[in-house]
Amino acid sequence: MMHGCGKSDRPVVPSKPPNEAEPEAKEAVEGRGLAKGNAPERNRSRTQGRMSLSSALERIRQAARRDKRQRFTALLHHVYEVGQLRAAYFGLKREAAPGIDATTWRQYGEELERNLFELSQRIKRGAYRAQPVRRAYIRKADEPQKLRPLGVLVLEDKIVQRAMAEVLSALYEQDFVRFSYGFRPGRSPHQALDALSVGIMQRKVNWVLDADIRGFFDTLDHQWLVKFIEHRVADRRVVRLIQKWLKVGVLEEGKHMDTEMGTVQGGSISPLLANIYLHYGFDLWVQQWRRVKARGEVIVVRFADDFVVGFEHRGDGERFLSELVERLKCFGLELHAQKTRLIEFGRHAEDDRQGRGEGKPETFNFLGFTHSCAKTRKGRFVVLRQTMRKRWQRKLKEVKAELRRRMHTPVPEMGRYVRSVIVGYMRYYAVPMNAVSVSDFRMAVGRLWWRVLKRRSQKGRVARAQMERQIARWVPQTHVCHPYPWQRFGVIT
């Protein structure tokens with residue numbers, strides 16, 4: 001049952017209940033109470049406040065929390081509420097690139113209320129049609145030589161997807177497990193990093209599985225995704241809307257290509273769909289495996305399609321990896337052979353390897369940091385987190401190119417740009433015991449800025465003392481921005 005790949009096999013999920021719910025739950029989800037025959041717009045203000053939106057989503061949360069097996073039969077009316085669409089519109093990035101219709105955020109907002117009302121009516125009567133996604137490419141953070149495909153949606157698709165994601169998140173947040181951190185409200189990469197560090201330091205972890213799913217967003221199976229969604233959503237209109245987005249296709253160099261699998265990276269709904277897919281395909285299975293088959297302690301941290309699993313015993317790690325390969329194969333996924341490793345890692349790893357005449361414990365990368373075994377001055381084991389070298393170098397290349405582009409802009413403008421780079425870098429990477437790496441980055445950016453300023457004229461004279469004054473004025477001193485993992489993780493949990 002757990003590892004078979006036949007069509008009749010089911011994922012490790014609660015069985016589907018009948019399409020009915022208790023009256024109280026139905027009332028909470030369907031939002032009944034309007035006079036019969038009256039349109040919702042006549043009974044509700046079109047300028048629906050945040051309070052009413054919040055209360056509607058809270059009713060969904062309560063119903064989902066109260067009955068983990070309930071299937072929601074009426075959700076779409078929460079999506080096409082003008083207030084929900086308006087909130088989604090203002091939640092979008094205002095400077096984001098337009099889709100194939102070339103409509104920008106500001107252009108759409110010139111007649112916002114009329115546009116949102118018409119969009120709401122189209123969704124309500126089933127006349128809304130998703131438009132093809134414009135394909136764009138960016139370089140991968142860890143592999144700059146490779147390109148990652150992104151999709152640029154038209155503005156209305158962004159609005160509807162964001163509204164849909166808000167409604168479905170209210171439901172699925174009651175189901176998602178605690179070790180899932182990616183793209184969830186109230187959760188962040190640093191919480192995942194804290195959980196991982198605390199788990200390795202405070203649990204009996206001696207082996208770590210550093211795994212990577214090959215092309216997850218491109219190989220996600222549409223049929224399985226729809227089955228997973230239907231475990232909680234019985235509103236066929238919502239399911240059909242999601243299917244439209246999955247199959248709308250992409251437009252690349254003027255050619256339209258159908259999409260039979262995968263979900264577009266760049267869509268507001270994609271991160272939630274990915275979490276739903278991995279919740280049923282990975283998370284619930286891991287929970288069962290850890291409870292039934294593990295002989296020792298097991299910790300898990302997942303952020304979107306990146307996850308790390310820690311084991312007390314090597315045998316558990318090897319069995320888990322073998323069964324995980326079969327599990328993922330059932331859902332059309334596979335692990336990246338070159339990026340998936342089971343390594344010796346933990347408080348005893350260094351001593352055990354030295355006793356066998358082997359080198360230092362291997363390191364692994366997660367969420368932009370290289371994790372390694374280290375000790376404090378008092379000899380206490382600690383997980384050392386340092387900026388990944390590839391990320392460090394890639395960011396410097398980006399800054400170098402941008403400074404050259406701004407070569408002839410006024411110094412104050414360049415200074416503000418440099419300051420924004422350093423501040424943004426510190427906010428993410430300035431964790432305890434990584435101050436040296438952050439300080440080196442600050443110095444490297446200062447040197448790049450100095451070189452650019454020296455090339456502004458043929459004389460090329462910018463005295464060191466003059467440059468130091470500019471750096472002191474515009475470039476902030478580095479400092480640690482985050483507490484130790486056990487301090488923050490202990491508070492939030």
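1. Basis. This is a predicted model, in which local features need pLDDT of at least 70 and side-chain atom pairs count only at pLDDT 80 or more, while totals for chains, interfaces and linings use all residues. Residues are numbered from 1 along each chain as its sequence is written, and side-chain values use heavy atoms, with hydrogens and water left out.

2. Overall content. The chain has 20 helices and 11 strands, these being DSSP runs numbered from the N terminus (helices H or I, at least four residues; strands E, at least two). Of its 493 residues, 49% count as buried, where buried means under 20% relative accessible area, exposed over 50% and partly exposed in between (1.4 Å probe, protein chains only). With contact taken as heavy atoms within 4.5 Å, 73% of the contacts between residues at least 6 apart in sequence join residues at least 24 apart.

3. Helix H12, geometry and ends. The 12 residues of H12 (residues 236-247) should span 16 Å at 1.5 Å a residue, and the end C-alpha atoms are 16 Å apart, which agrees; the expected span is 1.5 Å times one less than the number of residues. At the start of H12, a side-chain oxygen of Asp235 comes to within 3.0 Å of the backbone nitrogen of Arg237. Just after the helix, Gly249 takes a positive phi of about 90 degrees.

4. Helix H12, buried face. Which residues of H12 are buried? They are Val238, Val239, Leu241, Ile242, Trp245 and Leu246. Seen down the axis of H12, these buried residues fall within an arc of 160 degrees, so they line one face of the helix; the arc is that of the directions from the helix axis to the C-beta atoms. The packing partners of the buried residues of H12 are helix H4 (76-79), helix H8 (155-172), helix H11 (222-230) and helix H13 (270-292).

5. The sheet of 4 strands. An open sheet has the order S6-S7-S3-S8, with antiparallel pairing, where two strands pair if DSSP finds at least two bridges between them. Its edge strands are S6 (298-303) and S8 (341-344), each of which pairs on one side only. Neighbouring strands of this sheet are turned by 15 degrees against each other on average, direction ignored. S3 (residues 207-212) and S7 (residues 306-311) pair in the antiparallel sense over 6 bridges, and in S7 the bridge partner of Val208 is Gly310.

6. Helices on that sheet. H13 packs on the sheet, touching S6 and S7, and its direction makes about 175 degrees with that of S6. Helix H14 (residues 314-330) also packs on the sheet, touching S3, S7 and S8, with a direction at about 145 degrees to that of S7. Axes here are lines fitted to C-alpha atoms, for helices over the stretch in contact, and angles run from 0 to 180 degrees between N-to-C directions.

7. Asp305. This residue lies in the loop between S6 and S7 and, at 16% relative accessibility, counts as buried. Leaving aside neighbours within four places in sequence, Asp305 is in contact with Ile213, Phe216, Phe217 and Leu278.

8. The sheet of 3 strands. This open sheet has the order S9-S10-S11, again with antiparallel pairing. S9 (364-366) and S11 (381-387) stand at the edges with a single partner strand each, so one side of each is left without a neighbour in the sheet. The twist averages 40 degrees from one strand to the next. Helix H9 (residues 189-202) packs on the sheet, touching S9, S10 and S11, and its direction makes about 150 degrees with that of S11.

9. Pairing within it. S9 and S10 (residues 369-375) pair over 3 bridges, with Phe364 opposite His371. S10 and S11 pair over 7 bridges, with Cys373 opposite Val383. The latter two strands form a hairpin with 5 residues between them, where Gly379 in the turn has a positive phi of about 85 degrees. Of the 7 residues of S11, 6 are buried.

10. Most residues other than glycine have a negative phi.

Note on methods
A polar contact is a pair of N or O atoms within 3.5 Å; within protein, one must be able to donate a hydrogen and the other to accept it, and residues adjacent in sequence count only if both atoms are side-chain atoms.
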